[in-house]
Amino acid sequence: MDASGDDPTPHTRLRARTGILLSAATTLIAAAAPTPATTAAPTPDPAPVVLDCFNKPQVRPAEYLLACGDGNNRLVDLHWNTWNHNTATATGTDMVNDCRPYCAAGRFRPYPVTVTLSHPQPWPDHPNTHRYTTIRLLYTHTTPTPTPKDVTYKLVYDTPNTP
């Protein structure tokens with residue numbers, strides 16, 4: 001019925017239904033239409049890795065073997081403060097075999113240390129991956145004899161594959 005109390009004409013009802021259907025169809029089309037493509041932000045290169053003695057990449061390792069040949073020097077309980085594209089820093093303990101009277105009979109002694117990994121370089125044969133190539137150990141208390149309080153080593157264990 002309309003405001004006058006009369007029934008609306010079939011033509012009026014048809015126009016109302018058509019309007020409702022058009023509105024619903026427009027809403028469905030708008031919802032189903034693909035949204036304009038947004039430009040994805042470039043994925044940043046992953047932070048560098050540190051290679052273990054078997055050339056396996058490590059990120060924030062809890063332990064790190066320094067003496068690959070005999071296992072007489074190992075960093076343990078590493079707690080990483082930073083790990084980024086330039087450096088990685090941690091605190092931990094350097095467990096060093098005193099080799100007294102000889103290494104097989106020696107005792108491992110703990111030395112608190114601050115560790116800094118740096119100088120990331122491309123990792124040969126691994127595109128888009130950099131590896132830290134330098135490790136610095138700063139002993140915060142005593143040092144293993146005859147090691148200085150602040151020592152830096154190169155970390156390059158692998159060589160590129162050559163044909």
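**Notebook: salt bridges and sheet**

I looked up D98 and found a relative accessibility of 18%, so D98 counts as buried. The cut-off for buried is under 20%. I note that this is a predicted model.

Next I checked the partner of D98. D98 forms a salt bridge with R109, with the closest N and O atoms 2.8 Å apart. D98 sits in the loop between β5 and β6, and R109 in strand β6, 11 residues apart. R109 is partly exposed, at 27% relative accessibility.

I stayed in that loop and looked at R100, which lies between β5 and β6 (108–122). R100 is exposed, with a relative accessible area of 55%. Beyond its neighbours within four places in sequence, I find R100 in contact with A105 and G106.

I then searched the whole structure and counted three salt bridges. One of them joins R74 and E63, at 2.9 Å between the closest N and O atoms. R74 is in strand β4, while E63 is in the loop between β2 (57–58) and β3. R74 is partly exposed at 32%, and E63 is partly exposed at 45%.

I also looked up D150 and R136, whose closest N and O atoms are 2.6 Å apart in a salt bridge. D150 lies in strand β8 and R136 in strand β7 (residues 130–139), so the pair ties together parts 14 residues apart in sequence.

Last, I traced the sheet. It is open, with six strands in the order β3-β4-β5-β6-β7-β8 and antiparallel pairing. The edge strands are β3 (64–65) and β8 (150–154). Strands β4 and β5 pair over eight bridges. I picked V76 and found its bridge partner in β5 to be T93.

Notes: Residues are numbered from 1 along each chain as its sequence is written. This is a predicted model: local features need pLDDT of at least 70, side-chain atom pairs count only at pLDDT 80 or more; totals for chains, interfaces and linings use all residues. Side-chain values use heavy atoms; hydrogens and water are left out. Two strands pair if DSSP finds at least two bridges between them. Helices (H or I, at least four residues) and strands (E, at least two) are DSSP runs, numbered from the N terminus. Buried means under 20% relative accessible area, exposed over 50%, partly exposed in between (1.4 Å probe, protein chains only). Contact means heavy atoms within 4.5 Å. A salt bridge is a side-chain nitrogen of Lys or Arg within 4 Å of a carboxyl oxygen of Asp or Glu.
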